[in-house]
Amino acid sequence: MTTNRKKPEIMVIEDLPAVDKAMSEIAELERGIGKLEADMNETIDAAKAVCKLKVEPKKARIKVLEAALGTYASLNKDELFPKNKSKKMTFGIIGFRKSTKLLTIGKTTMAEVLELLKAHKLTKGIKLTESVDKEAMKGWTDEKLKTVRMRRKEEDAFFYEIAQEDSGD
C-alpha cells in the first residue's frame with residue numbers, strides 16, 4: 001500500500017509588514033481565482049450558445065417526428081393494436097395508454113365545483129391554493145363526482161418510449 005504523504009508548509013508571520021505581505025498575496029490569489037472563474041464562465045457560456053444552435057434543429061425535428069408517429073398510430077390504431085395497447089419496435093415502443101380527464105357537468109364552473117367541494121366537506125379534492133384538485137378526484141366514484149357536478153371522460157393518449165441500451169457498467 002502506497003501513500004502520498006505530504007508535509008504541510010509551515011509559515012510563521014513574525015511582524016506587521018509580513019501580515020501586510022500575506023494579505024497582499026491573498027488578494028492577488030483571489031483576483032487570479034476570480035479571473036480564472038470568469039474565463040471559465042465565458043467558455044461555458046460560449047459552449048452553451050454553440051450547443052443551443054446545434055440542438056434547436058434537432059429538437060424541432062423530434063417534434064415533427066413525434067407528431068408523425070402519433071398521426072400514424074392514430075390512423076392505423078385498429079391494425080397496429082388489435083389486442084395490445086402497445087407495440088414493441090426495434091428502437092422502442094409505441095402505443096396508447098388510458099388517461100383520465102375530469103370535466104365539469106354542463107356549464108358548471110370550477111368555482112362552483114370548489115364551493116360544492118366545501119359544502120360537501122370533500123377537502124381532499126381541494127388544493128391548498130383553493131383550486132379544484134382533479135388528480136385527487138380521479139379516484140372518486142362517479143356518484144361522488146356528480147355531487148360536485150363533475151364527470152369522468154376516458155380517452156386513449158398516444159405515447160412512445162425510446163429504448164436505452166445498457167452500457168454494461
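**Exercise 1.** Is Phe-96 buried or exposed?

*Solution.* The model is predicted, so local features need pLDDT of at least 70 and side-chain atom pairs count only at pLDDT 80 or more, while totals for chains, interfaces and linings use all residues. Residues are numbered from 1 along each chain as its sequence is written, and side-chain values use heavy atoms, with hydrogens and water left out. Buried means under 20% relative accessible area, exposed over 50%, and partly exposed in between (1.4 Å probe, protein chains only). Phe-96 has 6% relative accessibility and therefore counts as buried.

**Exercise 2.** Which residues do ring pairs link into a cluster?

*Solution.* Rings of Phe, Tyr and Trp (its six-membered ring) pair if their centres lie within 6.5 Å; planes under 30 degrees apart count as stacked, over 60 as edge-to-face and the rest as tilted.

- Step 1. The structure holds 2 aromatic pairs. Phe-81 and Phe-96 form an edge-to-face pair, with 5.6 Å centre to centre and 85 degrees between the planes. Phe-81 is in the loop between helix 2 (77–80) and strand 1 (86–89), and Phe-96 is in strand 2 (residues 92–104), 15 residues apart. Helices (H or I, at least four residues) and strands (E, at least two) are DSSP runs, numbered from the N terminus. Both Phe-81 and Phe-96 are buried.
- Step 2. Phe-96 and Phe-158 also pair edge-to-face, at 5.9 Å centre to centre and 70 degrees between the planes. This pair links strand 2 to Phe-158 in strand 3 (residues 150–162), 62 residues apart. Phe-158 has a relative accessible area of 26% and is therefore partly exposed.
- Step 3. The cluster consists of Phe-81, Phe-96 and Phe-158.

**Exercise 3.** Which residue lies over the face of Phe-96?

*Solution.* A charge sits over a ring if NZ of Lys or CZ of Arg is within 6 Å of the ring centre and within 35 degrees of the ring normal. Lys-77 lies over the face of Phe-96, 4.5 Å from the ring centre. Elsewhere, the charged end of Lys-144 sits over the ring of Trp-140, 4.5 Å from its centre.

**Exercise 4.** How many residues has the largest nonpolar core?

*Solution.* A nonpolar core is a set of buried Ala, Val, Leu, Ile, Met, Phe, Trp, Tyr and Cys residues joined through side-chain atoms within 4.5 Å. The largest has 12 residues, including Leu-102, Leu-122, Trp-140 and Met-150. Helix 3 (residues 110–119) gives the largest share of this core, 3 residues. Apart from it lies another core of 5 residues, among them Ala-73, Leu-80, Ile-94 and Phe-96.
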